[in-house]
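Here is a colleague's note for someone opening this entry for the first time. Please read the points with the model in view.

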Amino acid sequence: MNTMTVEREAQQLATAAPAAATGSEAIGIGFEGVSVAYGSQTILESLTLTVKPGEIVALIGSSGSGKTTALRAVAGFVQPTAGRIIIGGRDVTRLPPYARNIGMVVQNYALFPHMRVEDNVAFGLRAQGQTDLIKERVSECLELVGMTKYAKRYPRELSGGQQQRVAIARALAIRPQVLLLDEPLSALDAQIRRSMLDELAKLHRSLPSLTVLYVTHDQTEALTLANHIGIMRDGRLVAYGDVQGLYRHPPNRFAAEFLGRANVLPAQGLESLGGGYARVRFRDQYLEGVNHHGLATGTECFVCVRPHDLQFAPSAAATNSLTGVVRSVQWLGELHNIMLSVGDETLRLTCAPLAEPPEPGTTLTVHFDPADVTLVPEAESHVS
Amino acid sequence: MSADTAIALPAGARAPSAALRNLWIAPPLLILVALFFYPFALIVMQALGGDQHVFSLANFERVMHTRQFANGIYNTIQIAVSASIGCLALGFIFSLVIAFVPFPGARFIGRLIDTFISLPTFLVALAFTFVYGSAGLINQSLMQTLHLQFPPLDFLYTRWGVILSEITVYTPFIMRPLLACFSQLDSAQIEVASSLGARPWRIIRQIILPAALPSLLAGGSLCLLLTVNEFGIVLFIGAKDVITLPLLIYNKAIQEFDYTTACVIAVVNIALSLGLYVCYRAIVSFFGGRRAALG
């Protein structure tokens, strides 16, 4: 069982929330050993996770990793075969979706095409019999997402980004206990996605008490928006932590490679150096790094170093320097991406645009600070 | 100069081939005229001219003022409308269950119902006699169980028998477009509606029904069109006093040899069918365009 409890970091982003948006006390979401299976196939395996009130937790993972199933279990669209789902201290596992008071935004917006924008937003209030609140809430929620002037339009008359804003307004109009976002930006093009990402962050600053479970395969969205990130693989939560911590000190090889595409080099013979540092042998040389996970002496592990922490400027440091052959150099506008072969391993290095980038086939020596290196185990069970 | 020639030449060269291509329209057109329009023209001429071949609307006036014709058109419309409403209700419920209530074999049942489209219509009437007829399965069972002297179920040889048979035969015509429509309906809409607090009945009314409306209208119009012209079931059931327009044409032409009256009624029947067909096409075009716009 993966047992990970989230410690909420202080929210510094909150600004004064509009009265319309903060009607209720913030509440959290709890997964207690939740498993979901279709026949003999297990989709989600014993997920235990607590999303504290008012925070954004992003679940990321590749297709089929179980992240959407976890979200759908909270919404009530899939029934867990084991475990409990808690929302605001209440066990909702057996409650139908309509009784959970959840706001949900999905990838393809799912606006009701035969209803005007204002009727889409009012739908939940009508369904819950709160017809006296429709005028006030619809107006407030549309204002919150900047769609007031489009109230009379049909969804087909809106762009993708506008439709997604309406979908968010519709979800917020019922003042949900929690907001579930299922790849909400995936259907948008890159430019609108960036803009919507900013707007989602702004929205959460306006609604600091809103608890959000955000499912995405895009790590940029997760890193930008979330307080905590959970990485899913084959139906299991294999890594969980606050955004910075998970990025800087991934708990295992998969997390290191999945989140931020770190360079991961196989190493042996771990020796403790004191002060939290350790030395390992990679090929015929020693590399030093932070033994953040307290790996035992002599164990095999991986040297994890981020592409932007590699430097090829001349350095006096005797340790942590690797020499390899440049395989490719890509100019990506704001940075250069250099692929380097070191024996059988490949290193990726990113840096600010270079006036004279190295030519493919040339030899290059790169250096990295031991403080920027994390020694990670292969096994995902080392995560705690 | 040379450019003009270069443009003119292919145009000149294309002209004969285009004319030849157009000639290919002639054979199917001739066949169509010979097989359909000519017999149809004969019916209209007989209806207008009668045996004296004097063209006037007198025959129409005479026939349309008879009680037989009035009853025929009343029965035709009443049965067609009732059967179509029944098909719409049953087809909608069946399609909803098959599309949205997951159960093993749902797809198989959908296909099984679909096979009804390929069966001759009177077969259902024949099958119903074995089930609901005086000596049918249900009546015999009830008579034995309850020690009754006469069969308790006695609806098959009435207009209700005709309507029930037509509903059974034509419901798949509603279900086919409906199931296609439901398969394209974004399930996320239903899920989001549910998460917003909508119960199943509200979701059916406010999300599914509006999406299904074009299919319902198109299927309903098609049903109406087919039930107006239904002949086999009405003849096979042989319900007392249930004479529809197609049956009236049959009686006049085959039993009474009154071809003029039969042709007048046939023209009215054709006009009714064409009117319904125009409505059906208009609905399909309107919602087809609207769906394209929504898409």
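1. Start with the loop between strand 13 (277-282) and strand 14 (285-290) of chain A, where Arg283(A) sits. Strands here are DSSP runs of E with at least two residues, helices are runs of H or I with at least four residues, and both are numbered from the N terminus. Arg283(A) has a positive phi of about 55°, although it is not a glycine. Arg283(A) is partly exposed, because 15 other C-beta atoms lie within 10 Å. On this scale a residue is buried with 20 or more other C-beta atoms within 10 Å of its own, exposed with 12 or fewer, and partly exposed in between; the C-beta atoms are placed from the backbone.

2. A word on the source. This is a predicted model: local features need pLDDT of at least 70, side-chain atom pairs count only at pLDDT 80 or more, and totals for chains, interfaces and linings use all residues. Residues are numbered from 1 along each chain as its sequence is written, while chains are lettered from A and ligands numbered from 1 in the order in which they are written.

3. Compare Tyr109(A). This residue is found in the loop between strand 7 and helix 2 of chain A. Is Tyr109(A) buried or exposed? Tyr109(A) is buried, since 25 other C-beta atoms lie within 10 Å.

4. Now the chain contact. 18 residues of chain A are in contact with 17 residues of chain B; contact means that C-beta atoms, placed from the backbone, lie within 7 Å. Strand 7 (102-106) and helix 2 (117-127) of chain A are the elements that give two or more residues to the chain A side. That side divides into 13 nonpolar, 4 polar and 1 charged. Nonpolar covers Ala, Val, Leu, Ile, Met, Phe, Trp, Tyr, Cys and Pro; charged covers Asp, Glu, Lys and Arg; the others, Gly among them, are polar.

5. Two strands pair if DSSP finds at least two bridges between them. Axes are lines fitted to C-alpha atoms, for helices over the stretch in contact, and angles run from 0 to 180 degrees between N-to-C directions. Strand 10 (228-233) runs antiparallel to strand 11 of chain A, with 6 bridges. Met232(A) stands opposite Leu237(A) in strand 11.

6. Another open sheet of chain A has 4 strands, ordered 18-17-16-19, with antiparallel pairing. Strand 18 (345-351) and strand 19 (363-367) each have a single partner strand, so one side of each is left without a neighbour in the sheet. Neighbouring strands here are turned by 45° on average, direction ignored.

7. 7 bridges join strand 2 to the antiparallel strand 3 (41-51) of chain A. Their hairpin has 2 residues between the strands, and Gly39(A) takes a positive phi near 65° there. Strand 2 is also joined by 5 bridges to strand 5 (82-87) of chain A, again antiparallel.

Terms used
Contact = placed C-beta atoms within 7 Å.
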